[in-house]
There are 2 protein chains.
Amino acid sequence: MNEPVIQLPEPLGSGKRGGRGALSGAATQRVERPAPLREAVHSALIELIINGTLQPGQHLVELELAQYLGVSRQPVREALQRLQTEGWVDLRPAQGAFVHTPTEEEADQLLSVRSVLETHSARLAAGRATEEEVARLWELQREGEAAVETDDAEGMTAANAALHAYITEISRNAVLAEHIALVERRVRWYYRPIARPRGHDAWAEHAELIKAIAAHDADLASTIMNRHTERTRQAYHDQRVSEAE
Amino acid sequence: MNEPVIQLPEPLGSGKRGGRGALSGAATQRVERPAPLREAVHSALIELIINGTLQPGQHLVELELAQYLGVSRQPVREALQRLQTEGWVDLRPAQGAFVHTPTEEEADQLLSVRSVLETHSARLAAGRATEEEVARLWELQREGEAAVETDDAEGMTAANAALHAYITEISRNAVLAEHIALVERRVRWYYRPIARPRGHDAWAEHAELIKAIAAHDADLASTIMNRHTERTRQAYHDQRVSEAE
DNA sequence: CCGCTCCATACTGCATACAGTCTACAACGT
DNA sequence: ACGTTGTAGACTGTATGCAGTATGGAGCGG
């Protein structure tokens, strides 16, 4: 037992910390500080969880992770703290960290919350979008449609994420953006096993949405986004039901 | 310098960890594990931030906090990690933790997000409330009105929080509840300096809201909650403007 | 008088060490 | 055979140690 299930391309923490060269340039203002190891560990663990290397329910032994990532237990522990508050792992006192096991109920709740947040985001975006931003939205829309044409699932997912993220950016509400980002990543994880991007109809809805935003029609944009996200939610629901049979 | 600004009634971590009594009762199922120190540190720090002992922008020196709380730096660091992701402090690489300084913009964004989340919560609650729960809502309503009668600001705030929290509970969406809780605490902190509970009219709105929930009218409950929270937001806004003069 | 360089101090970030608890398994008794 | 108890190993939680960087001020030069 205790065979390391984790596979990692290269050990972390080999990046020669500190001493970033003797170039004491005149850059006294923007001092680019090196990100702490715990950040890298945090990202690496999320990646390992999302791509399924670390399975839900799995016990994460600190020493094991530490050796694998090439660091000590300390940065790992700090990363785990953060992962817990972000909902990726559960920390049980005196037992350690376990990859969070999402229930169907919780997954659906996440979609519900995401729907509400994104709907609000669309409303704000409609009120605040500049012409340049609308132009950029159409650009992303074209990218998405191109992906649909070529039946490029990867591309569809990417373009979809980019579009939604940009709408969030346009809404200029950092707090809202944080909450959306948090929910978004967990959604991607939970539904990864059954994720199949909606194709043509989804992008038709996107086009409607962009029109509403361009017209600064907040109510309409809000309505469309709500319908859009609820449809996605329904699609996931149907899919899960059908696969359960 | 380095005079400790923090005052704490009793040192933490004096609770004789481990060995929770020799009562090895038949409770083999629900093993009540002792919460790690970092939990206590986390709570203590939030309390210190909310009550103003730790001021926005203040540099939190780990060793200082540790000595005050009667623990080592380790649990403090782990608590700080969590506090950062929850938005209470900012961690600057190689510089440490600083109490987050909320901008007016951010504060208003928080109210905006809270409004959206609570509105959704009211909608769900209207669809799911049982008769017992409605009865409990009226009970809380009476408590609030009593506080208004006696002009008990403390009581008003408490009753208000209890009412909103219970509506969240009724909505039976744990993910939503988490996000609301997170936003809620930060709102209380940001607006603490100018917090003055709205009196009679707020509780009139609450009564309307409860009626809508009792009637299972989701749209109406949603509308009322939205108006309610937006009014609170407007009240804060006006107050801040008038105090800026 | 102002700016620069250099240095001492303080603090962070990471690593390691240690104490206590949990788990699993084996030996034992019934 | 089955349940109980004792015990060893593993892992967490906390403390301490150490290297490297940021900060503030003294001393020096302009």
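Let's start with Glu104(A), which is exposed, with a relative accessible area of 53%. (Buried means under 20% relative accessible area, exposed over 50%, and partly exposed in between, using a 1.4 Å probe and protein chains only.) This is a predicted model, in which local features need pLDDT of at least 70, side-chain atom pairs count only at pLDDT 80 or more, and totals for chains, interfaces and linings use all residues. Residues are numbered from 1 along each chain as its sequence is written, chains are lettered from A and ligands numbered from 1 in the order in which they are written, and side-chain values use heavy atoms, leaving out hydrogens and water.

Back to Glu104(A): its side chain meets that of Arg240(A) in a salt bridge (3.8 Å, N to O). By salt bridge we mean a side-chain nitrogen of Lys or Arg within 4 Å of a carboxyl oxygen of Asp or Glu. Arg240(A) lies in helix 9 (residues 218–244) of chain A and Glu104(A) in helix 4 of chain A, so the pair ties together parts that are 136 residues apart in sequence.

What does its side chain make a polar contact with? The partner is the side chain of Arg186(A), at 2.7 Å. A polar contact is a pair of N or O atoms within 3.5 Å; within protein, one must be able to donate a hydrogen and the other to accept it, and residues adjacent in sequence count only if both atoms are side-chain atoms. Leaving aside neighbours within four places in sequence, Glu106(A) is also in contact (heavy atoms within 4.5 Å) with residues including Tyr190(A) and, from the other chain, Val175(B).

That takes us to where the chains meet. Chain A and chain B each put 31 residues into the contact. The area buried between them is about 2,900 Å², with 55% of it from carbon and sulfur atoms; buried area is the accessible area (1.4 Å probe) that two parts lose on being put together, summed over both. Gln81(B), Val175(B) and His179(B) supply 18% of what chain B buries against chain A, more than any other three residues.

Now for the charged partners. Across this interface the rule finds 2 salt bridges, and Arg77(B) forms one with Glu78(A), the closest N and O atoms being 2.7 Å apart. On the side of chain B that touches chain A, helix 3 (73–85), helix 4 (104–128) and helix 7 (174–190) of chain B give two or more residues each, and helix 4 gives the largest share, 8 residues.

How do the two copies relate? Chain B can be laid on chain A with an RMSD of 0.0 Å by a turn of 180° and a shift of 0.0 Å along the axis, so they are related as by a two-fold rotation axis. (The superposition is by least squares on the C-alpha atoms of residues with pLDDT of at least 70 in both.) Also, 100% of the interface residues of chain B are interface residues in chain A, so the copies meet through the same surface.

Conventions:
Helices (H or I, at least four residues) and strands (E, at least two) are DSSP runs, numbered from the N terminus.
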